[in-house]
Amino acid sequence: MLSFEITAIGTVRNDRTDIQHTDNWGAVRSTITIDERFGEACLQGLEGFSHVEVLFVFDQFPAHGDYREPRPYRGRLDLPSVGVFAGRGPRRPNRIGVTCCAIESVHGRELAVVGLDAVSGTPVIDLKPTMREFLPTDIKQPEWVSDLMSDYFKK
């Protein structure tokens with residue numbers, strides 16, 4: 001398989017440090033500081049958007065290794081087993097996470113967002129402004145997902 005290297009563009013800072021605390025991300029305020037190699041104007045224009053997609057690495061979780069067998073979602077035996085690509089959790093082959101966050105402010109190389117589900121110190125690998133034209137209109141998901149995720153972004 002093709003292998004490639006990705007270098008972080010910035011780092012997340014917030015008051016969340018416990019990787020086991022996995023709910024109530026809705027009110028979490030984070031500052032993403034972009035590396036100085038991108039210059040002070042690297043976020044210019046982003047302030048015109050309400051949301052940004054943040055791609056990051058679940059670097060504080062150990063690599064799992066074997067992804068062939070479906071596992072109970074979030075390790076909960078009361079939930080169905082799903083394949084590795086049917087979930088959004090950190091135990092993934094490349095440990096890449098992505099979350100759409102509300103933009104609170106943009107100042108130089110600092111981007112303040114609300115609702116980013118990444119703990120402090122998490123490396124950010126890319127940012128993309130959220131554009132209406134890229135969003136799907138008819139989302140379908142199992143009922144158990146809606147029940148499970150009801151507290152995930154709770155404030």
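**Close-up views of a predicted model**

**View 1. I96 on strand and surface.** I96 counts as partly exposed because its relative accessibility is 32% (buried is under 20%, exposed over 50%, partly exposed in between; 1.4 Å probe, protein chains only). I96 is found in strand β6, residues 96-107 (strands are DSSP runs of E, at least two residues, numbered from the N terminus). L2, F4, I6 and I96 form a nonpolar surface patch with about 440 Å² of accessible area together. Patch members have over 30% relative accessible area and no salt bridge, with nonpolar side chains joined within 5 Å. A salt bridge is a Lys or Arg side-chain nitrogen within 4 Å of an Asp or Glu carboxyl oxygen.

This is a predicted model: local features need pLDDT of at least 70, side-chain atom pairs count only at pLDDT 80 or more, and totals for chains, interfaces and linings use all residues. Residues are numbered from 1 along each chain as its sequence is written, and side-chain values use heavy atoms, without hydrogens and water.

**View 2. R95 in a loop.** R95 is found in the loop between β5 (81-82) and β6. Phi of R95 is near 50°, a positive value in a residue other than glycine. R95 counts as partly exposed because its relative accessibility is 24%.

**View 3. D117 and W25.** D117 sits in the loop between β7 (110-114) and β8 (123-129). D117 counts as buried, at 13% relative accessibility. From C-alpha to C-alpha, D117 and W25 are 5.7 Å apart in space, yet 92 residues apart in sequence.

Key
Patch = residues over 30% accessible without salt bridge, like charges linked within 9 Å, V, L, I, M, F, W, Y side chains within 5 Å. Areas by Shrake-Rupley, 256 points an atom, 1.4 Å probe, with all protein chains shown as cover. Helix = DSSP H or I, 4+ residues; strand = E, 2+ residues; numbered from the N terminus.
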